[in-house]
Amino acid sequence: MKIIDAQVIVTNPGRNFVTLKITTDEGITGLGDATLNGRELSVVSYLRDHVVPLLLGTDPHRIEDTWQYLYRGAYWRRGPVTMAAIAAVDVALWDIKAKVAGLPLYQLLGGASRDRVRTYGHANGATVPELFDSVRARLAEGYQAVRIQTGVPGLKTVYGVHQGTAIAEADGVAGAPRLDQHATPLVEDWDTRAYLRHMPTVFEAVRNEFGPELPLLHDAHHRLTPIEAARLGKSLEPYDLFWLEDCTPAENQDGLRLVREHTTTPLAIGEVFNTVFDYQTLVADQLIDYVRSAVTHFGGVSPLRKLFDFAAQHQIKSAIHGPEDISPVGMAAAIHLDLAIHNFGIQEYSGYTARTHEVFQHAFTFEDGHLHPGEAPGIGVELDEEMAAGHPYEQAYLPVNRLQDGTIHDW
Ligand code: EZ4
Ligand code: CO
């Protein structure tokens with residue numbers, strides 16, 4: 001079998017998605033997600049101009065060899081653009097291989113290790129009463145674990161707290177407002193001391209309202225220094241968090257040592273990482289509890305499975321990044337992996353707009369807060385190209401963050 005065509009399809013059924021479609025001489029097609037939020041077209045060019053010419057005429061069954069060829073053969077290794085492009089190829093080839101086998105991808109990854117995949121949803125509110133309403137809405141949709149994000153008194157706009165309405169109209173999964181994409185970068189504001197004072201009061205209120213059982217998560221979104229993160233983790237210990245996410249930017253992996261020494265709040269990190277080397281110290285020294293990379297930003301299913309095996313040796317679990325900017329193609333690949341690996345932790349799932357569900361028809365299902373990849377051969381997603389063409393690309397940026405004196409801060 002040979003690859004005879006590879007197309008890059010950009011569509012915006014609520015937000016921009018980049019999809020690679022590989023076609024073989026036997027007429028079998030495979031899809032891969034290459035969406036890099038706010039920098040989408042750089043990956044489109046990387047694929048169209050530099051990767052597709054290398055794929056034509058090659059054997060789609062040689063997934064590992066193709067992966068190594070694209071990774072090592074570029075000479076310029078790693079980085080989000082490169083690894084999103086390689087991820088799309090890797091997933092599209094797994095999709096083809098599984099279709100040829102007539103099996104859902106998870107069967108080729110060793111088969112199911114569980115019946116279904118536990119998820120968490122996003123609850124947010126500018127105020128605590130609004131947050132409570134949002135938690136109730138997620139529980140009504142079936143979620144059995146909830147991420148908590150709130151406004152901070154004195155700050156106008158804070159990460160994860162969205163104005164506007166939910167847009168996942170048709171499938172019963174709301175919690176997916178059209179967030180974090182703006183024609184020019186939205187400027188949010190930040191004050192670490194105000195945040196650190198406020199968060200324990202929020203979690204105390206949520207525990208009082210919803211009881212001790214409900215797993216609660218929180219994303220600090222890279223904003224704290226290690227000693228500030230340590231203080232937050234410690235102050236949230238009475239509220240028994242499932243995890244504290246991205247408490248500090250982790251380019252300096254050793255910074256997590258300081259956090260770890262001061263708190264037993266579980267730590268999750270890695271949604272902006274793109275190779276196993278970003279995790280080397282964090283995993284080997286057991287400085288975190290969950291690895292957060294997405295299939296889409298980590299070079300695909302092949303390297304992510306290797307990361308999970310490395311993590312398993314240190315009792316660290318998976319928590320694949322699953323925001324709205326991972327397309328249903330990237331999400332489907334994640335769910336197959338979640339079902340197959342032993343050290344699965346939890347899967348983030350925010351739902352999609354009704355239009356997204358129309359454009360990307362998928363076999364995966366969401367029920368009672370759990371996902372299942374379905375039994376369709378391959379990853380189980382087909383792209384309606386005609387419909388996709390009706391929702392063209394729109395330039396969009398993520399927000400930026402400034403301290404109250406105007407200094408740029410991590411978003
Ligand atoms: O800000 O995916 O845990 N989820 C997150 C996301 C990220 C976006 C960036 O594109 O932190 O909401
Ligand atoms: Co996050």
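The model is predicted, so local features need pLDDT of at least 70 and side-chain atom pairs pLDDT 80 or more, while totals for chains, interfaces and linings use all residues. Residues are numbered from 1 along each chain as its sequence is written, and side-chain values use heavy atoms, without hydrogens and water.

Select helix α5, residues 128-141 (helices are DSSP runs of H or I, at least four residues; strands are runs of E, at least two; both are numbered from the N terminus). Buried residues (under 20% relative accessible area, 1.4 Å probe, protein chains only) in α5 include Leu131, Phe132 and Arg138. Their cover includes β4, β5, α6 and β14. Just after α5, Gly142 has a positive phi of about 110 degrees.

Next, select Arg207 in helix α6, residues 192-210. Arg207 is buried without a salt bridge (a side-chain nitrogen of Lys or Arg within 4 Å of a carboxyl oxygen of Asp or Glu). The nearest side chain of opposite charge, Asp240, is 4.5 Å away. A polar atom of the Arg207 side chain lies 2.8 Å from the backbone oxygen of Leu214.

Finally, select Leu287, in the loop between α9 and β10. Leu287 is buried, at 4% relative accessible area. Its contacts (heavy atoms within 4.5 Å) include Gln253, Leu256 and Leu267. Gly255 is 32 residues from Leu287 in sequence and 9.5 Å away, C-alpha to C-alpha.

Terms used. Chains are lettered from A and ligands numbered from 1 in the order in which they are written. Buried means under 20% relative accessible area, exposed over 50%, partly exposed in between (1.4 Å probe, protein chains only). Lys and Arg count as positive and Asp and Glu as negative; His and the chain ends are not counted. A polar contact is a pair of N or O atoms within 3.5 Å; within protein, one must be able to donate a hydrogen and the other to accept it, and residues adjacent in sequence count only if both atoms are side-chain atoms. The expected span of a helix is 1.5 Å times one less than its number of residues. Lists of a residue's contacts leave out its neighbours within four places in sequence.
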